[in-house]
Amino acid sequence: MSIYETKKGQEYKARVKNFMDKYIYPIEHEVEVFSRTNPSELHPQIEVLKAKAKAEGLWNLFMPVNYGEYSAGLTNVEYAVLAEEMGKILWASEIFNCNAPDTGNMEVFAKYGSDEHKEKYLNPLLNGEIRSAFLMTEPDVASSDARNIQTSIVRDGDEYVINGRKWWSSNVRHPNCQVYIVMGKTDPDASSYQQQSMIVLPAGTPGVTVGRKLATLNAFDNPGCHCEMHLDNVRVPAANLILGEGRGFEIAQGRLGPGRIHHAMRLIGVAQRALDYMCKRANERNAFGKQFSEMGVIRQLVAKSYCEIQKARQLTLMTAYTIDQEGAKAAKDLISALKISVIPLGSKIVDDAMQVFGGMGISNDIPLATMYTHARAMRYADGPEEVHAHQLGRNLLKRALTRPDIDTQYFTP
Ligand SMILES: Cc1cc2nc3c(=O)[nH]c(=O)nc-3n(C[C@H](O)[C@H](O)[C@H](O)COP(=O)(O)OP(=O)(O)OC[C@H]3O[C@@H](n4cnc5c(N)ncnc54)[C@H](O)[C@@H]3O)c2cc1C
């Protein structure tokens, strides 16, 4: 147990693990096959298991203690170990109502929503009755720089009119997806960080068209998918604007603080499961007169993967701890460090595990290929690692200019 972990977190971890062993792992393959053969439907067991998890108190565990009445009472550190368990199966977090992008959207409604937003959207989301999507990324601009977002949100009397084209909108085809949070420009002439706003858009509003599905490698993450979205003269009440005009960046910062580390937490679960698979296979197979587990190359791989996972896990816990103790702003550098180092690790270790499995590794006979696809896609979700490296490097260099404690000497003759 790490110094950051608590007894309460360990108890919850045992309960989540037990729930997954009992109900989720046994139907993992069945749900995977179902989602390929019935792309627009939710496997019937999903709602059944959600009700069971809720009844057992394993529900909304992601909502940290500073969210008051909406909190499940766990700290980010306590949630981190649970998210690691859930992350081992792509769809498991939905069973516990802890899946992206709903988690980020619930945080937005809880933190910045009006009473009306809370009643109409937050409560049903917290109850797991509806699902949601977050529409920021656009095909026509480099969206890792959110200042580029072009969708227009224009005030017209008591309404706002939205026009734009989005893509990579996750979850929009989920049968229960009923609301989107849209990012767009309310004032193109304002200073660059004050141009964007966020607005609530109910699914099915006239002018909204859910477009084609985008594949992540060759998968579609059915039934929610990631889609193109066309917004043509979409009208919503002015009260749907969140927080106020020009405050989109402020909300984005709040939305992607803890949410960013959720992906990292889950990817540690992915990496750990891949390492477990790697070890199992190495102990089962032999070639050239040797057990795989006796081969130096395999032992090196296993040992190095273990080291990388441990480093990633400790960094994740340390970041979660800093958020708990000092807030997301104080953890900014650590959050960037996570994105840069932990997120790519998921796909790297799954890739190595696939290699140890030979041809079977890339097939659908084991979950590694699905895990790889998901882990690889996570290198973009919430911003590519290069953007975080760019920002972290810039911040560290700037700070170094004013740090009197830096002890550097030039031994110039
Ligand atoms: C599975 C999946 C789910 C997603 N879900 C959502 C969602 O629900 N809602 C949503 O709005 N978006 C979603 N996205 C989109 C994701 O957030 C964007 O793809 C991401 O922010 C990058 O934007 P972009 O695709 O426009 O890439 P660009 O901004 O065009 O960047 C392309 C590449 O340029 C490089 N780059 C960019 N900036 C820098 C820099 N400063 N320094 C060095 N290199 C740099 C990076 O390598 C980057 O990958 C999802 C994406 C995926 C793959």
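Q: Hi! How many helices and strands does the chain have?
A: Twelve helices and nine strands, where helices (H or I, at least four residues) and strands (E, at least two) are DSSP runs numbered from the N terminus. Note that this is a predicted model, in which local features need pLDDT of at least 70, side-chain atom pairs count only at pLDDT 80 or more, and totals for chains, interfaces and linings use all residues. Residues are numbered from 1 along each chain as its sequence is written.

Q: And what is the radius of gyration of the chain?
A: The radius of gyration is 22 Å, close to the 22 Å that the globule rule gives for 413 residues, so the chain is as compact as a globular protein of that length. The radius is taken over C-alpha atoms, and the rule is 2.2 Å times the number of residues to the power 0.38.

Q: What box do the C-alpha atoms fill?
A: Roughly 80 × 75 × 40 Å, taken along the principal axes.

Q: Switching topic: how is the chain divided into domains?
A: Into domain 1 (7-99), domain 2 (131-247) and domain 3 (249-400), with bounds from an automatic or database domain assignment.

Q: What separates the centres of domain 1 and domain 2?
A: 27 Å, taken over C-alpha atoms. Five residues from domain 1 and five residues from domain 2 make up the contact, which is counted when C-beta atoms, placed from the backbone, lie within 7 Å.

Q: Now the ligand. Which residues come nearest?
A: Met136, Ala142, Ser144, Pro384 and Glu386, out of 22 residues around the ligand. A residue is near a molecule or strand if its C-beta atom, placed from the backbone, lies within 6 Å of it.

Q: Which domains supply that shell?
A: Domain 2 and domain 3 each give at least three residues. At the level of elements, β1 (131-135), β3 (159-170) and α12 each supply at least two.

Q: What classes do the shell residues fall into?
A: Eleven are nonpolar, nine polar and two charged. Here Ala, Val, Leu, Ile, Met, Phe, Trp, Tyr, Cys and Pro count as nonpolar, Asp, Glu, Lys and Arg as charged, and the others, Gly among them, as polar.

Q: One more: where is Gly393 found, and is it buried or exposed?
A: Gly393 is in helix α12 (residues 385-400). Gly393 is exposed because it has 12 other C-beta atoms within 10 Å; the cut-offs are 20 or more for buried, 12 or fewer for exposed, and partly exposed in between, with C-beta atoms placed from the backbone.

Key:
Contact = placed C-beta atoms within 7 Å.
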